[in-house]
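Work through the exercises below with the structure open beside the text. Each task is followed by a solution that goes step by step.

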Amino acid sequence: MCGIVGYVGPKLAAPILLDGLRRLEYRGYDSAGVALVDGPTITVHKEVGKVAMVQAVVPADAPGHTGIAHTRWATHGGVTQANAHPHTDMELGIAVVHNGIIDNDEALRQRLSAAGVEFRSETDTEVLPHLIRHHYKGDPTQAVIDALKEVRGTYGVVVAFAEHPGVMVAARLGSPLVIGLGEDENFIASDPHALVRYTRRVIYLEDRELATITADGVESVHLDGSEALHTVEELEAAFGTGDKGEFEHYMLKEIHEQPESIGRCLRGRVQPEAGTARLGGFDLLPRDLTEIPSVTIMGCGTSFHAAMLGAMAIEQVARVPARAVIASEFRWSNPQIDPKGLYLAVSQSGETADTLGAIKEVTTKGGKVLGVVNVVGSSIARLCGSGVYIHSGPEVAVASTKAFTSQISAMYLFTLMLGRTLTLAPNEAQHLARSLADLPEMVRAYLGNPGPIQEAVRHLVNARYVLFMGRGLSWPVALEGALKLKELAYIPCEAYAAGEMKHGPIAMMEEGTPVIVIVPSDANRERTLSNMREVQARGAALIVIHSRGDHQAASLAAVSIPVPRVHPLLTPMVTVLPLQLLSYQAALAMGRDIDMPRNLAKSVTVE
Ligand code: F6R
């Protein structure tokens, strides 16, 4: 959840660290800090608030050619300057930045306190510099190895030593770290975003590995002392530079990138003439497909909503029993795992701790999991070993938008492949494949003419409560719309399968209550229209997202938002777009921090 950056080389470290922190700020942003190695003690600057607060106190020419930095999302201890990272030992000779959680920090704290250590923060992380100091006998690498042997928990940790300017020691267990290789300089970060401006040549540290990084090179070992071998990887071009471009916010930019991001996910995979898809990463031949007894798709948050759509599509089209499960529930539910079943893990970041936990639960019980992941080289991609990359490109805004539509695209490709093998006639499969191939244009057409979003926003900004409803594939879309509005605008809202509405939530209807209905022209349309009449009769103001030309749906609406007509299976790909814009515009009108909503972080690497 937090971001780490480190630099060693001939340049001044501070500007590079601050630039890296700004790029990682989306991962966590309640406090930030920088430690610079120069002279007999390490200089630490840390502040509560965004990276700009630290930037304001670090002189542009701050000395130090080695440094480590951190942007925090609080887990242990409140949001205070003392709790911000980096943390140091008492002599200011060792500085540490850390992502993850030290489970045995209480026991270590007591032991170190008894030995005379005075703690200055409430964090679990602070035990690390003191513990490393305790083990330090002149060799920085050995001190970190010996200290980590005593630690239970998870870490991506980077350590700097005043006595060894020009050295960073980094270690990983459960929290990602990537080393960037430059010319006579090297970098480390928790996320390649911080590095792309400087280098595209990277080494991903694996769990239980430790690297000693100098300007000249990287030496890595396993924590048991044996040598660790690495291949140098090249960050793909799609990684971009992560800038906002002409847009005011990353979220708006990412919404508008969807024609390209969906296109990247489909390109080379969808085969309209053959009416199928090729997903090399799945490595499943038609014969294998015929033997899949069931599909289970795991994810959290927005990725869970995409998983719901994937499961519905697979079951409806390919007639294979399929379900979506919330990874944070599934992993602790002692689930029954069918070793022949197909398990998919959906994650934008590829770092979500609960999704990683769910994958481990499946594999521990003999199942195999394929990843549907955006971030190349992420922990989930590596743990699964095979799967598909959705190729959204970097998603920086905390609220997920373009990853959602690409996750669905990837699972629809799989649905097509499975359907072509199991159920679909050639002409049906070709129709679906062509419709998929047309999606980027449909999305572009909608975004070019999004309809009366501002008019709908006027109903939302003063609302005490907003209800979203839809049936079938539009139910997960309703859930996603409500999640976006909650996380961005902080408006109380919920989403219901439209048929469930009269089993409870209709009690919330008052004169003018905004109800956002997703009613594309599919098999559920008539039933949803009846539900719309029911809430309208109780005074609700209907904001209706419907297929272009559906005059009946439009006639019930206080605000009518038409979307392009697409294949019924593909309606979520266009109906979610106005919901993304609605939450963006509502948050903007309410003065919210759009790219970094309160209390959230982009990748949730803790349970
Ligand atoms: C919502 C959002 C979150 C994530 C969830 C899973 O806009 O972004 O709900 O979808 O934290 O994250 P990933 O997909 O990275 O596993």
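**Exercise 1: the ligand and its shell**

In this predicted model, a polar side-chain atom of Lys-484 lies 3.0 Å from an oxygen atom of the ligand.

*Solution.* As a next step, turn to the backbone: a polar backbone atom of Ser-400 is 2.9 Å from an oxygen atom of the ligand, and a polar backbone atom of Thr-302 is 3.1 Å from an oxygen atom of the ligand. Then consider the cover, for the ligand on its own has 410 Å² of accessible area, of which the protein covers 90%. Helix H9 (301-318) and helix H16 (474-489) are the elements that give two or more residues to the shell. The 15 residues around the ligand include Ser-303, Ser-347, Ser-349, Thr-352 and Glu-487, which come nearest, and by class the shell holds five nonpolar, eight polar and two charged residues.

**Exercise 2: placing the ligand among the domains**

Explain why the ligand lies between domain 2 and domain 3.

*Solution.* Domain 2 spans 250-447 and domain 3 spans 453-589. Because both domains give residues to the shell around the ligand, the ligand lies between them.

**Exercise 3: the setting of Lys-253**

Is Lys-253 buried or exposed, and which residues does Lys-253 touch beyond those up to four places away in sequence?

*Solution.* First locate Lys-253, which is in helix H6 (residues 250-256). Its relative accessibility is 17%, and since buried means under 20%, Lys-253 counts as buried. Finally, leaving out residues up to four places away in sequence, Lys-253 touches Asp-243, Lys-244 and Phe-247.

Methods:
Residues are numbered from 1 along each chain as its sequence is written. This is a predicted model: local features need pLDDT of at least 70, side-chain atom pairs count only at pLDDT 80 or more; totals for chains, interfaces and linings use all residues. Side-chain values use heavy atoms; hydrogens and water are left out. A residue is near a molecule or strand if one of its heavy atoms lies within 4 Å of it. A polar contact is a pair of N or O atoms within 3.5 Å; within protein, one must be able to donate a hydrogen and the other to accept it, and residues adjacent in sequence count only if both atoms are side-chain atoms. Accessible areas come from the Shrake-Rupley method with a 1.4 Å probe; for residues, only the protein chains shown count as cover. Helices (H or I, at least four residues) and strands (E, at least two) are DSSP runs, numbered from the N terminus. Ala, Val, Leu, Ile, Met, Phe, Trp, Tyr, Cys and Pro count as nonpolar, Asp, Glu, Lys and Arg as charged, and the others, Gly among them, as polar. Domain bounds come from an automatic or database domain assignment. Buried means under 20% relative accessible area, exposed over 50%, partly exposed in between (1.4 Å probe, protein chains only). Contact means heavy atoms within 4.5 Å.
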